[in-house]
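Please walk me through this structure.

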Amino acid sequence: NIIGARPGSRDGDIIIGSNCTLGANAVIIGPVNIADSIQIGACACVVNNILESNISVVGVPAKPTFSR
């Protein structure tokens, strides 16, 4: 998994909530805010905020699929 920030981002610009899971080779490119209990699918690329809790996201860029 890769978690990184765009040039010009500051420390703390990437916030990952509690009870989140990242699938194999998932990528998070900040600045982003990820809510609690998010499942990020394998090979997904998160580039936008995910503010709704208890959902799964997949794809490039990562988008919600369904609520748990």
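Ile-28 has Val-46 as its bridge partner in strand 7. This is a predicted model. A second bridge partner in strand 7 is Cys-45, which pairs with Val-27. Strand 4, residues 27-30, and strand 7 run parallel across two bridges. Strands of a sheet pair through backbone hydrogen bonds, either parallel or antiparallel.

Strand 4 also pairs with strand 1. That pairing is parallel too, over four bridges. Here Ala-5 stands opposite Gly-30 of strand 4. Together the three strands form an open sheet in the order 1-4-7, with parallel pairing. Strand 1 (2-5) and strand 7 (45-46) stand at the edges. Each has a single partner strand, so one side of each lacks a neighbour in the sheet.

Now back to Ile-28, this time for its contacts. Leaving aside residues up to four places away in sequence, Ile-28 touches Ile-2, Ile-3, Gly-4, Ile-14, Ile-16, Leu-22, Ile-34, Ile-40 and Val-46.

Ile-28 belongs to the largest nonpolar core, which has 14 residues. Which of these touch the most other members? They are Ile-28, Ile-34, Ile-38, Ile-40, Val-46, Ile-50 and Val-57. Two elements give two or more residues to this core: strand 5 (32-34) and strand 8 (55-58).

Next come the cysteines. How many disulfides does the structure hold? It holds zero. A disulfide is a covalent bond between the sulfur atoms of two cysteines. For Cys-20, the closest cysteine sulfur is that of Cys-45, 16 Å away, which is too far for a bond. Cys-45 is in no disulfide either. Its nearest cysteine sulfur belongs to Cys-43, at 11 Å. For a disulfide, the two sulfur atoms would have to be within 2.5 Å.

Are Cys-20 and Cys-45 buried or exposed? Cys-20 is buried, with a relative accessible area of 19%. That value falls under the 20% cut-off for a buried residue. Cys-45, the partner of Val-27 in the sheet, is buried as well, at 15%.

Last, the charges. Side chains of opposite charge can pair when their charged atoms come close. A search of the whole structure turns up one salt bridge. Arg-10 forms a salt bridge with Asp-13. Their closest N and O atoms are 3.7 Å apart, and the cut-off is 4 Å. Arg-10 is exposed, with a relative accessible area of 64%.

Terms used: Residues are numbered from 1 along each chain as its sequence is written. This is a predicted model: local features need pLDDT of at least 70, side-chain atom pairs count only at pLDDT 80 or more; totals for chains, interfaces and linings use all residues. Side-chain values use heavy atoms; hydrogens and water are left out. Buried means under 20% relative accessible area, exposed over 50%, partly exposed in between (1.4 Å probe, protein chains only). A nonpolar core is a set of buried Ala, Val, Leu, Ile, Met, Phe, Trp, Tyr and Cys residues joined through side-chain atoms within 4.5 Å. Contact means heavy atoms within 4.5 Å. Two strands pair if DSSP finds at least two bridges between them. A salt bridge is a side-chain nitrogen of Lys or Arg within 4 Å of a carboxyl oxygen of Asp or Glu.
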